[in-house]
Amino acid sequence: MARTKGSRVGWTNEALVLLPARAASPLQELGRRAMLGVILVAIIVAIVWLDRASYTDNHDGTVDLIDALYYATVTMTTTGYGDITPVTPHARLVNALLVTPLRVMFLVLLVGTTLEVLANEGRRIFIDSRWRKRMRNHVVVIGYGTKGRSAVTTMRRNDIDLAKLVVIDSSPAALADANRDGVAAIEGDGTRRELLQRAEISRAREIIITLNRDDAAILTTLTVRRLNPSAHVVVACREHDNVSLLRQSGADAVVTSSDAVGRLLGLSAVSPNLGSVIEDLLSSGEGLEVFERMVSAEEVGNPPSAIMGERVVAVVRNKTLRRFYDPAVQELQTGDHVIVVRQAAS
């Protein structure tokens with residue numbers, strides 16, 4: 001089996017562990033490679049110095065420590081002035097079998113890998129710049145835990161273009177999950193203004209905040225609303241007491257996870273069947289699902305109850321949500337959107 005980059009499978013069919021990689025800056029990476037180069041030079045200096053009787057210097061015939069360092073540097077850089085040379089057979093054999101491979105390794109290390117690091121960093125900067133220019137009317141998900149993943153999964157099932165999604169999270173593992181899900185990701189604290197600007201938050205259409213702490217969610221909402229006054233901001237809240245604070249901070253919609261879970265538990269206790277139906281509506285990919293779509297030309301002029309195969313629960317007209325029983329929407333019009341309960345797409 002061929003081995004691919006990032007694959008969990010190696011040369012056999014057995015799953016291999018993937019250890020977390022520690023990210024390093026370009027300067028750190030270049031410094032590490034420079035240190036390895038110094039070590040290679042030191043090895044050759046030691047070889048020449050310990051066997052200095054087998055070398056001759058055209059200047060005075062003897063080789064000291066400075067001469068050994070000089071020989072190592074001009075040899076590693078392939079300058080090769082020829083003023084210091086090995087004269088015994090075993091010294092020439094050591095140069096052929098040991099010093100020459102070290103010289104090649106040195107060149108590959110400092111030239112090939114250095115260029116690779118610089119090229120990769122330049123490529124990342126170019127990709128980032130091009131991506132930011134394309135980000136318009138996109139969706140930003142701040143926090144990629146259980147709620148964030150579920151939100152992205154739901155958007156994907158509703159045909160939202162993944163290229164128009166970007167995730168912000170401080171966890172490298174969460175970012176790796178987002179990338180595997182086909183979503184762009186930025187590592188960092190969602191409360192930081194400069195990081196939100198990197199995600200083009202000012203041009204986003206929808207912003208979803210799903211952080212684990214309500215105080216961080218409030219601060220993020222304040223910052224997001226200041227950077228983008230017109231986006232639709234949805235925030236997940238853990239405690240009901242913080243709902244009003246989030247709304248005052250600029251959230252358009254607040255979903256209280258503890259209240260939602262408690263209500264579902266209560267409904268399940270009152271009626272197991274009712275709890276099962278609500279859970280079915282909240283889950284995706286099977287059973288029933290809630291969906292919003294535009295009214296078709298054939299449906300214009302008909303009442304919501306006339307739509308076959310779906311059950312209309314609300315109508316959106318002129319950006320105003322009206323329940324299906326509202327007399328004002330008993331006749332569908334061009335441009336209306338209907339919110340329906342339908343069978344989930346397989």
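Biologist: How do the residues lining the largest pocket divide into nonpolar, polar and charged?

Modeller: The lining has 22 nonpolar, nine polar and eight charged residues. This is a predicted model.

Biologist: Which residues lie nearest the centre of that pocket?

Modeller: Ala151, Thr154, Val234, Val255 and Leu282 do, out of 39 lining residues. A residue counts as lining if it has an atom within 4 Å of a pocket point. The volume of the largest pocket is about 2000 Å³.

Biologist: Which elements each supply at least two residues of the lining?

Modeller: Helices H4 (146–157), H9 (257–270) and H10 (272–282) are among them. So are strands, including S7 (232–237), S8 (253–256) and S12 (337–343).

Biologist: Why is Asp57 called buried?

Modeller: The cut-off for buried is under 20% relative accessible area. Asp57 has 9% relative accessibility, so Asp57 counts as buried. Asp57 sits in strand S1 (residues 55–57).

Biologist: What is Asp57 in contact with, leaving aside neighbours within four places in sequence?

Modeller: Thr62, Val63, Asp67, Asp83 and Ile84. Contact needs heavy atoms within 4.5 Å. Pro86 is 29 residues from Asp57 in sequence, and their C-alpha atoms are 9.2 Å apart.

Biologist: What makes the phi of Asn137 worth a look?

Modeller: Most residues other than glycine have a negative phi. Asn137 is not a glycine, yet has a positive phi of about 55 degrees. Asn137 lies in the loop between helix H3 (89–134) and strand S3. Glu200 also is not a glycine and has a positive phi of about 55 degrees. The loop of Glu200 runs between H6 and S6.

Biologist: How do you know that the span of helix H7 is close to the expected one?

Modeller: The expected span is 1.5 Å times one less than the number of residues. H7 (residues 214–227) has 14 residues, and 20 Å is expected. From first C-alpha to last, H7 reaches 20 Å.

Biologist: What covers the buried residues of H7?

Modeller: The cover includes strand S3 (139–142), helix H6 (193–198), S6, S7 and helix H8 (243–249). Among the buried residues of H7 are Asp214, Ile218, Val224 and Leu227.

Biologist: How many residues does the whole chain have, and what share is buried?

Modeller: The protein chain has 346 residues, and 34% of them are buried. The chain has 10 helices and 12 strands.

Key. Residues are numbered from 1 along each chain as its sequence is written. This is a predicted model: local features need pLDDT of at least 70, side-chain atom pairs count only at pLDDT 80 or more; totals for chains, interfaces and linings use all residues. Side-chain values use heavy atoms; hydrogens and water are left out. Helices (H or I, at least four residues) and strands (E, at least two) are DSSP runs, numbered from the N terminus. Buried means under 20% relative accessible area, exposed over 50%, partly exposed in between (1.4 Å probe, protein chains only). On a 1 Å grid over the protein atoms alone, a cavity is a set of points where a 1.4 Å probe fits but cannot get out, and a pocket is an open set with protein on both sides within 12 Å along at least five of seven lines; lining residues have an atom within 4 Å of a point. Grid points are joined across faces, edges and corners, and a volume is the space filled by probe spheres set on the points. Ala, Val, Leu, Ile, Met, Phe, Trp, Tyr, Cys and Pro count as nonpolar, Asp, Glu, Lys and Arg as charged, and the others, Gly among them, as polar.
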